[in-house]
Amino acid sequence: GFGGRDWQVPVDRARPKWTDALGDDPSATVETYDAVNHHLLPGEGEPTLDEYYQPGSVAEGIVDDLAAWARTLG
């Protein structure tokens, strides 16, 4: 997954490389979470390095998606 607020690895540059590499693999899903940064923490406005020093939790929707994906591995 990609964070739409990720200034370290911008989604517009990284996502096409991953989707090209994965091709038509039906087991692969690439998601973009617009409201999170590189650490998958939610935020608003222009992303900055300063927000990396603020405590936070991974966005709930991402945790839900990862849990659903993990259940398919069994």
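**The loop between strand 2 and helix 2**

Analyst: In this predicted model, Pro-55 is found in the loop that runs between strand 2 (32–33) and helix 2 (60–71). With a relative accessible area of 79%, Pro-55 is exposed, because the cut-off for that class is over 50%. From C-alpha to C-alpha, Pro-55 lies 16 Å from Ala-35, and the two are 20 residues apart in sequence.

Leu-49 has its place in the loop between strand 2 and helix 2 as well. Leu-49 is partly exposed, at a relative accessible area of 43%. Together with Trp-7 and Tyr-53, Leu-49 makes a nonpolar surface patch of about 360 Å².

Trp-7 also takes part in an aromatic pair. One such pair is found when the whole structure is searched. The partners are Trp-7 and Tyr-52, whose rings are stacked, at 5.8 Å centre to centre and with 25° between the planes. Trp-7 belongs to the loop between strand 1 (2–3) and helix 1, whereas Tyr-52 belongs to the loop between strand 2 and helix 2, so the pair ties together parts that are 45 residues apart in sequence. As for accessibility, Trp-7 is partly exposed at 38%, while Tyr-52 is buried at 15%, because buried means under 20%.

Helix 1 covers residues 11–22 and includes Val-11. Leaving aside residues up to four places away in sequence, Val-11 touches Phe-2, Gly-3, Gly-4, Pro-16 and Thr-32. Val-11 and Gly-1, ten residues apart in sequence, are 9.3 Å apart in space, C-alpha to C-alpha.

Notes
Residues are numbered from 1 along each chain as its sequence is written. This is a predicted model: local features need pLDDT of at least 70, side-chain atom pairs count only at pLDDT 80 or more; totals for chains, interfaces and linings use all residues. Side-chain values use heavy atoms; hydrogens and water are left out. Helices (H or I, at least four residues) and strands (E, at least two) are DSSP runs, numbered from the N terminus. Buried means under 20% relative accessible area, exposed over 50%, partly exposed in between (1.4 Å probe, protein chains only). Patches are made of residues with over 30% relative accessible area and no salt bridge: like charges are joined within 9 Å, nonpolar side chains (Val, Leu, Ile, Met, Phe, Trp, Tyr) within 5 Å. Accessible areas come from the Shrake-Rupley method with a 1.4 Å probe; for residues, only the protein chains shown count as cover. A salt bridge is a side-chain nitrogen of Lys or Arg within 4 Å of a carboxyl oxygen of Asp or Glu. Contact means heavy atoms within 4.5 Å. Rings of Phe, Tyr and Trp (its six-membered ring) pair if their centres lie within 6.5 Å; planes under 30 degrees apart count as stacked, over 60 as edge-to-face and the rest as tilted.
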